[in-house]
Amino acid sequence: MSTTNNVLTIEKLTVAFDGFNAIESLNLQVEKDELRVIIGPNGAGKTTLLDLICGRTRATSGSIRFKNQEISKEAEHKIVRAGIGRKFQTPSIYENLSVFQNLEVSYPSGRGVFGALAFTCTPQVRERMQAVAEEIGLQEVLAIEAGLLSHGQKQWLEIGMLLMQDPELLMLDEPIAGMSVRERELTAELLNRICKGRSMIVIEHDMNFVKQIAHKVTVMHQGKILAEGAMEDVQADPRVIDVYLGH
Ligand code: ADP
Ligand code: MG
């Protein structure tokens, strides 16, 4: 397979914490416009893998290339600027700012949260905010204080804040944790909308949800890749059933 269509190419990636390899000689490729889901038991190294890609954790050895650029030694903010957005498990929105302001401060112009309060929005920023608000289904609540949103809406807002930067690779760590059934359905629709024209890596446990969004599934176990492929193949794999799905 040609590597030219890969947005992300990870080779022999290893990270040791106190002599224990949380990620061990891992290889992973994500294609342009692909939505990849990573599953696996707790402690498999899924979050650590995202930490490595976004520059929060330094690899012990190995390579991470984003659009053919080595990023494994880059600073976190440079990786963001290169086009990688990452959502953590706990939402980090500004509860006492409006939905509108939360999106506004996320526009990539280097303005911080304080600058934005006194800032008059340009038509360009406003247009981007409208488009994002529609994508995340929050266009009716732009004026509302973010702290008053439902748990699901807060998660969507945070995704929207990442979309303001229009990342080429968007990574979400357990985005539906704590959501209602209805919110999970809406989130699946949302992810299917926003993956158009970008690549995504989503970590999730809910197999019904995974089925609705995954182009391909990677199963991690003990810092390594146990299986990878179409959802049906992965679900039928005895090794995957043994270490993960059977429990
Ligand atoms: P997952 O997200 O798949 O549940 P994690 O990536 O959070 O797994 O953790 C993988 C392993 O690495 C776990 O054993 C965890 O305790 C360990 N780990 C993660 N981060 C650190 C760290 N900063 N220091 C030491 N150990 C860590
Ligand atoms: Mg995790």
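This is a predicted model: local features need pLDDT of at least 70, side-chain atom pairs count only at pLDDT 80 or more; totals for chains, interfaces and linings use all residues.
**Entry 1: strands 4 and 5**

I began at Arg65, whose bridge partner in strand 5 is Glu70. Strand 4 and strand 5 (residues 69–70) run antiparallel and are joined by two bridges. Here strands (E, at least two residues) and helices (H or I, at least four residues) are DSSP runs, numbered from the N terminus. I count two strands as paired if DSSP finds at least two bridges between them. The hairpin of these strands has two residues between them, and Lys67 takes a positive phi near 50° there.

Residues are numbered from 1 along each chain as its sequence is written, chains are lettered from A and ligands numbered from 1 in the order in which they are written, and side-chain values use heavy atoms, with hydrogens and water left out.

**Entry 2: the rest of the sheet**

Next I followed strand 1. Strand 1 (residues 6–17) pairs with strand 2 (residues 20–31) in the antiparallel sense, over eight bridges. I found Asn21 of strand 2 as the bridge partner of Ala16. Two residues lie between the strands in this hairpin, where Asp18 has a positive phi near 50°.

Strand 1 also pairs with strand 4 (residues 61–66), antiparallel, over five bridges. Leu8 stands opposite Phe66 of strand 4, and Thr14 has Ser61 as its bridge partner in strand 4.

In what order do the four strands of the open sheet come? I read the order as 2-1-4-5, with antiparallel pairing. Strand 2 and strand 5 are at the edges with a single partner strand each, so one side of each has no neighbour in the sheet. Helix 1 (residues 46–53) packs on this sheet and touches strand 1, strand 2 and strand 4. Its direction makes about 115° with that of strand 1; for such angles, axes are lines fitted to C-alpha atoms, for helices over the stretch in contact, and angles run from 0 to 180 degrees between N-to-C directions.

I checked burial next (buried is under 20% relative accessible area, exposed over 50%, partly exposed in between, with a 1.4 Å probe and protein chains only). Seven of the eight residues of helix 1 are buried, so the helix is largely enclosed by the rest of the structure. After helix 1 comes Gly55, with a positive phi near 85°.

Which residues surround ligand 1? I listed Phe17, Phe20, Ala22, Pro41, Asn42, Gly43, Ala44, Gly45, Lys46, Thr47 and Thr48, taking a residue as near if one of its heavy atoms lies within 4 Å. Then I looked at distances to oxygen atoms of ligand 1, with a polar contact being a pair of N or O atoms within 3.5 Å:

- A backbone N or O atom of Ala44 lies 3.2 Å from a ligand oxygen atom.
- An N or O atom in the Lys46 side chain is 2.7 Å from a ligand oxygen atom.
- For a polar side-chain atom of Thr48, the distance to a ligand oxygen atom is 2.6 Å.

**Entry 3: helix 10**

Helix 10 (residues 238–245) has Val240, Val243 and Tyr244 as its buried residues. They cover an arc of only 90° around the axis, so they are on the same side of helix 10; the arc is that of the directions from the helix axis to the C-beta atoms. Pro238 and Asp242 are exposed on the other side. The cover over the buried residues includes strand 3 (35–39), helix 8 (207–213) and strand 9 (216–221).

**Entry 4: two single residues**

Ser199 sits in strand 8 (residues 199–203) and is buried, at 1% relative accessibility. Leaving aside neighbours within four places in sequence, its contacts (heavy atoms within 4.5 Å) include Val7, Val30, Glu168 and Leu170.

Ile225 is in strand 10 and is partly exposed, with a relative accessible area of 29%. Not counting residues up to four places away in sequence, Ile225 touches Leu26, Asn27, Leu28, Thr218, Val219 and Met220. The C-alpha atoms of Ile225 and Ala188 are 25 Å apart, with 37 residues separating them along the chain.

Technical notes
A polar contact is a pair of N or O atoms within 3.5 Å; within protein, one must be able to donate a hydrogen and the other to accept it, and residues adjacent in sequence count only if both atoms are side-chain atoms.
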